[in-house]
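Dear colleague,

My notes on it follow directly after.

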Amino acid sequence: NVVVERLWVQTWLTSDVRQERAVFQIRSPEESIRIRLPKGVPQARVQVAVDGVEAAKSIRDPGQIVLSLPPGTRNRSCVLELFYALDPPPQRLGLATARLQPAQIDGASPPRRSYWELALPTGQHLLTLPREMTAEMDWDAGRWLMSRRPALDEQQLQRWIGPSRQEPLPRSANFYLFGGLGQPPALDIVSAQRRLIVAAPSGAILQ
């Protein structure tokens with residue numbers, strides 16, 4: 001079976017796209033692994049890399065791809081990266097509600113340690129914290145409203161798991177970080193535009 005030692009999911013969520021990067025630190029005795037994609041991801045547009053090198057993939061069943069692991073990576077720890085994009089959750093009156101799940105490796109163990117980094121545009125904020133993952137954030141009173149900042153930033157997360165170097169997400173984005181132990185990650189989110197939060201009586205605190 002595939003052992004998932006670490007997992008980092010990075011989601012850039014705008015009104016136009018959900019752009020995602022799923023990074024797995026794995027150990028596998030198999031020559032190939034099957035990966036299930038989130039619903040709505042075009043299989044042909046998925047990019048895959050192993051230890052920073054683009055890897056061959058094939059399309060078998062709807063919503064799945066099969067990845068051939070390089071011979072030198074079998075039975076040793078390696079870093080698998082997936083890049084994909086899909087439609088964002090629908091918004092209604094400035095509110096977006098969704099349950100987000102990343103790509104998953106069929107037959108793999110739950111990740112021993114996982115982080116999910118969520119980035120929203122400047123004017124969009126998270127209203128609720130997910131129940132299945134722990135908020136890895138600290139309070140920050142340095143802005144015009146009380147807010148939270150991630151305990152680890154993008155660079156620290158990259159050093160933690162060791163993926164390829166990519167262009168960073170916009171620094172102006174609102175970042176949120178959640179962690180989990182020994183369970184598949186999932187995020188139940190509710191986000192809103194800033195103008196709605198400020199207009200509400202509870203708009204003194206932004207999550």
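L95 stands opposite A192 in β18, within the antiparallel pairing of strand β10 (residues 95-100) with strand β18 (residues 187-193), which runs over six bridges. Strands here are DSSP runs (E, at least two residues), as helices are (H or I, at least four), numbered from the N terminus, and two strands pair if DSSP finds at least two bridges between them. Both belong to an open antiparallel sheet of four strands in the order β9-β10-β18-β13, whose edge strands, β9 (91-92) and β13 (124-126), each pair on one side only.

This is a predicted model, in which local features need pLDDT of at least 70 and side-chain atom pairs count only at pLDDT 80 or more, while totals for chains, interfaces and linings use all residues. Residues are numbered from 1 along each chain as its sequence is written, and side-chain values use heavy atoms, with hydrogens and water left out.

Q25 lies in strand β2 (residues 18-27) and counts as buried because its relative accessibility is 15%, the cut-offs being under 20% for buried, over 50% for exposed and partly exposed in between (1.4 Å probe, protein chains only). Leaving aside residues up to four places away in sequence, Q25 touches V3, V4, E5, R6, S77, C78, V79 and I161, a contact meaning heavy atoms within 4.5 Å.

Helix α1 (residues 154-161) gives the most to the lining of the largest pocket, with four residues.

Best regards
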